[in-house]
Amino acid sequence: MWYAWSLLLLCLSTVTTTPLWKQNRFQTSSFLDDWNLDGDHAFGNESMAVVDDPDGSSSKKVLRVFYKNGSYSGSGDYRGAQFYSRPISPRTCLILDYKIYFAENFDFVEGGKLPGLWGGSQECSGGRNADECFSTRYMWRSGGDGVVCAYIPDNQKCGFCDRNEVHCNYDYGHDIGRTWVFKTGQWQSIRQKVKLNSVGSKNGVLTVRFNKNKVLQVRDLVFRNSNNIKIEGIFFSTFFGGGSSSRATPKDTYTYYKDFKLSDSGC
């Protein structure tokens with residue numbers, strides 16, 4: 001019996017999971033070729049660059065996004081970046097990992113967007129209706145508070161807006177979270193798992209891990225009302241705002257990204 005248990009433990013310890021897709025090394029040219037970019041609502045090619053690691057801890061190149069002083073979502077060039085990608089085939093459950101670094105001079109002001117997952121049509125942003133899509137971009141809020149900005153259908157479970165971690169906004173996406181805090185001048189890991197609901201049921205799940213700690217889990221969600229809607233990939237979206245100049249960055253600043261990965265292990 002002891003031998004059998006030892007053999008089982010040895011086998012379990014040697015099991016490794018292979019991600020469905022990853023990009024942990026950015027090249028200085030054609031650095032988004034592997035992302036399979038898709039669709040409209042894209043901007044910010046001039047704001048993106050491949051640079052050295054800002055803290056010097058790695059020789060790997062990382063992706064940097066520039067936000068010009070006074071920029072926000074409704075301003076001109078150098079206001080951040082946005083694009084949709086489909087690196088893998090659609091799924092009903094998916095995990096997105098990446099690491100983010102806010103420049104030391106980063107002022108969170110009132111808030112801004114960060115990459116998350118998306119599915120269905122590419123309309124779940126900018127105050128558009130979420131009937132045929134969903135998106136789960138992150139946001140930073142004032143002081144660095146972290147949330148998921150969830151564009152999801154209106155037919156949520158009764159009491160959805162009464163949850164402590166939910167701040168409802170049916171026009172511009174619900175804030176779900178404020179249960180972790182982003183810091184400046186250091187790398188931080190962020191993981192998002194979305195498990196879609198069965199159509200006709202309110203059993204979707206959203207989970208966030210920040211620096212490997214579970215900081216958010218919300219169950220009984222509706223992400224879709226049609227089986228045609230699945231998780232398509234990464235919605236890379238980052239800018240200050242909101243559409244108001246009051247949310248603009250007061251200085252030139254940057255965010256940095258590395259170790260992007262999509263997986264379904266644990267779904």
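**Buried charges, salt bridges and paired strands**

Visitor: Is Lys-258 buried or exposed?

Guide: Lys-258 is buried, with a relative accessible area of 11%. Buried means under 20% relative accessible area, exposed means over 50%, and partly exposed lies in between, with a 1.4 Å probe and protein chains only.

Visitor: What kind of model is this?

Guide: This is a predicted model, in which local features need pLDDT of at least 70 and side-chain atom pairs count only at pLDDT 80 or more, while totals for chains, interfaces and linings use all residues. Residues are numbered from 1 along each chain as its sequence is written, and side-chain values use heavy atoms, with hydrogens and water left out.

Visitor: Which residue forms a salt bridge with Lys-258?

Guide: The partner is Asp-53, and the closest N and O atoms are 3.4 Å apart. The pair links distant parts of the chain, 205 residues apart: Asp-53 is in the loop between strand 3 (48-51) and strand 4 (62-67), and Lys-258 is in strand 16 (residues 253-263). A salt bridge is a side-chain nitrogen of Lys or Arg within 4 Å of a carboxyl oxygen of Asp or Glu. Strands (E, at least two residues) and helices (H or I, at least four) are DSSP runs, numbered from the N terminus.

Visitor: And Asp-53, buried or exposed?

Guide: Asp-53 is buried, at a relative accessible area of 7%.

Visitor: How many salt bridges are found in the whole structure?

Guide: The search finds 13 salt bridges. One of them joins the side chains of Asp-259 and Lys-99, at 2.9 Å from N to O. Because Asp-259 lies in strand 16 and Lys-99 in strand 6, the pair ties together parts that are 160 residues apart in sequence. Asp-259 counts as buried at 18% relative accessibility, whereas Lys-99 is partly exposed at 29%. Elsewhere, salt bridges that share partners join Asp-38, Arg-86 and Glu-232 into one network.

Visitor: What about Arg-91, which residue does its side chain meet?

Guide: Arg-91 meets Asp-264 in a salt bridge of 3.9 Å, N to O. Arg-91 lies in the loop between strand 5 (80-85) and strand 6 (93-102) and Asp-264 in the segment after strand 16, so the pair ties together parts that are 173 residues apart in sequence. Arg-91 is partly exposed, with a relative accessible area of 21%. Asp-264 also counts as partly exposed, at 34%.

Visitor: Strand 16 keeps coming up. How many of its residues are buried?

Guide: Nine of the eleven residues of strand 16 are buried, so the strand is largely enclosed by the rest of the structure.

Visitor: What does it pair with?

Guide: Two strands pair if DSSP finds at least two bridges between them. Strand 6 pairs with strand 16 in the antiparallel sense over seven bridges, and there Lys-99 has Lys-258 as its bridge partner. Strand 4 is joined to strand 16 by five bridges, again antiparallel, with Tyr-67 opposite Thr-253. Strand 1 (residues 21-23) runs antiparallel to strand 16 and is joined to it by three bridges. In that pairing, Trp-21 is the bridge partner of Leu-262.

Visitor: New topic. In what order do the eight strands of the open sheet come?

Guide: The order is 2-5-15-7-8-9-11-10, and the pairing is antiparallel. Strand 2 (37-43) and strand 10 (166-167) stand at the edges with a single partner strand each, so one side of each is left without a neighbour in the sheet.

Visitor: How many bridges join strand 2 to strand 5?

Guide: Three bridges join these antiparallel strands. Asp-38 has Tyr-84 in strand 5 as its bridge partner.

Visitor: And strand 15, how many of its residues are buried?

Guide: Nine of the nine residues of strand 15 (residues 231-239) are buried. Strand 15 pairs with strand 5 over five antiparallel bridges, where Ala-81 has Thr-238 as its bridge partner. Strand 7 (residues 111-120) is joined to strand 15 by four bridges, also antiparallel, and Gly-119 stands opposite Ile-231.

Visitor: Last one: how far apart are Gln-217 and Phe-235 in space?

Guide: They are 20 Å apart, C-alpha to C-alpha, and 18 residues apart in sequence. Gln-217 is in strand 14 and counts as partly exposed, at 31% relative accessibility.
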